[in-house]
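Hi everyone, thanks for coming. Let me put the sequence and the model up on the screen, and then we can walk through it together.

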Amino acid sequence: MTLAAGHPGFMSPTGVEIAFVLVGIATLGAALVTVTTKQLVHAALWLVVALGGFAVEYLLLTAEFIAWVQVLIYVGSVVVLLLFGLMLTKAPIGRSPDADSGNGWVALVVAVAAAATLVWVVVDAFRSTWVDLGGAAQGSAKVTGAILFRHWVLPFEALSVLLLAALVGAIVLSKRGAPARRSLLSKSEALPMRGVPSERKARES
Amino acid sequence: MNGTLDVILRLVAVLVVFLVLPLVVGQTEHKVMAHMQGRLGPMYAGGFHGWAQLVADGVKFAQKEDVVPEGADRRIFQLAPVVSLLPYLLVMIAIPVGPHGFVGQSIDAGLFFVLAVMGVGVLGSLMAGWASANKFSLLGGLRTAAQLMAYELPMLLAGASVAMAAGTLSLPGIVQAFHWWWIPWQIVGGVVFFTAGLAELQRPPFDMPVADSEIIFGAYTEYTGLRFAMFLLAEFAGIVVLCALTSVLFLGGWHGPWSGSLGWLWTLVKTGLLAFVVIWLRVTYPRLREDQLQKLAWTVLIPLALAQIALTGIVKVVTS
């Protein structure tokens, strides 16, 4: 964090800043489509676009390492997990109007409140601090690693304990549900396959 | 302007490699498989031992009608082949071929870049599997996802072991730091990386997702013409990328006698040998069942990768 001499104004944006805003708008648009679309798998794929947009934003902020980790974890694993889950359900091709829980307004209020809090925290924390990205790369793997393991070791370790707890919890849950799952499986086998046109028509009528 | 020209030249070179090497691997696969099975393989196209067979195949694919099933999700169905092919092109930009900056573009966190972008390619298979409105495609997509989730982790762990050994995430940096004794030191990680990579590419013996005797051709069942050819090209480009990465990370890339002037040749030779092994494995082993796949990943590869990381850490601490 270096305070640059002088005050680069917001009214004379550089190319990187313009790109940042444009990608930000595209990301926001993709995120909005993700939560409003009526097609389940499309929502998951728009989520890919939104998460990829985040990665590009990180890149523009020279946080190269974070950007690739973002792609690796979110696009490569989380979305694949999501799609896997969706394929296990009978997510149809086309609209699924019954997939709306009716909690849209509550979700909107929570989202706006969370966004307002985050924006307020960031604005309050940095105010007019100007981070110079032109110098040595702040977000390279080396710098990120040094900061993570020198200044933030304790939160890092606490997070890994949290993940371990989640892992153990998942195993416990799946072990306890074992006898009940058998009956669930046999029930789902009796249901027709998704996506075959004739059967879909039969279900709709 | 000189810098721009340099960048353009590098990108064109990567594109040419991307278009040529997968075809070479494909042709080699035709011939090697044929000879291992006591056949001749393609003999007519182009004259000499059928060298132009894949060019002829390309012409054939280009002539075929591009069919989209009626019940399919058109746009996703049409987008899927591109999503599965493009990541491999991007990955090739970051793979170092020779010393002194003989690389498309040197990336600081290159190892992460490569693994991250390769993981994106699998989204193409998932999109294809879901959007085809075909139960075999859906089964193929499901198997792809399950396989990816099991094999991404050991691949990452094995890659992390090399990065620890070299003390950098940059691919040219890793090759630069290579010494011959790394091969016995990192051999377990190398085997894990190569095996997991094969599974990620859905190559035999890990070809459950496209098992032709069970689910026709998995996620690609409904594809015809050029889009199908793109999936095939993605598979061969994947082989090239995986073999090049394994040779760069675990076999020392350009290191070898006269590496100063012939470094690029060493990388190519090592990559070619590994590609031969990939084909050899296809002819040798029967397909693994789903439970065997998962068992191999979670009870063999991941513990091995973790042991390799521990070994790397111990040696690193002792020698430094």
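Let's begin with what a contact is: two residues are in contact if their C-beta atoms, placed from the backbone, lie within 7 Å. In chain A, 69% of the contacts with a separation of 6 or more are between residues 24 or more positions apart.

A word on what you are looking at: this is a predicted model, where local features need pLDDT of at least 70, side-chain atom pairs count only at pLDDT 80 or more, and totals for chains, interfaces and linings use all residues. Residues are numbered from 1 along each chain as its sequence is written, and chains are lettered from A and ligands numbered from 1 in the order in which they are written.

Chain A has eight helices and zero strands; these are DSSP runs numbered from the N terminus, H or I of at least four residues for helices and E of at least two for strands.

Now, how do the chains meet? On chain A, 26 residues are in contact with 28 residues of chain B. Helices α2 (40–60) and α3 (64–88) of chain A are the elements giving two or more residues to that side, and α3(A) has the largest share, with 14 residues.

Finally, have a look at F112(B). Leaving out residues up to four places away in sequence, F112(B) touches F65(A), W68(A), V69(A), L72(A) and L169(B).
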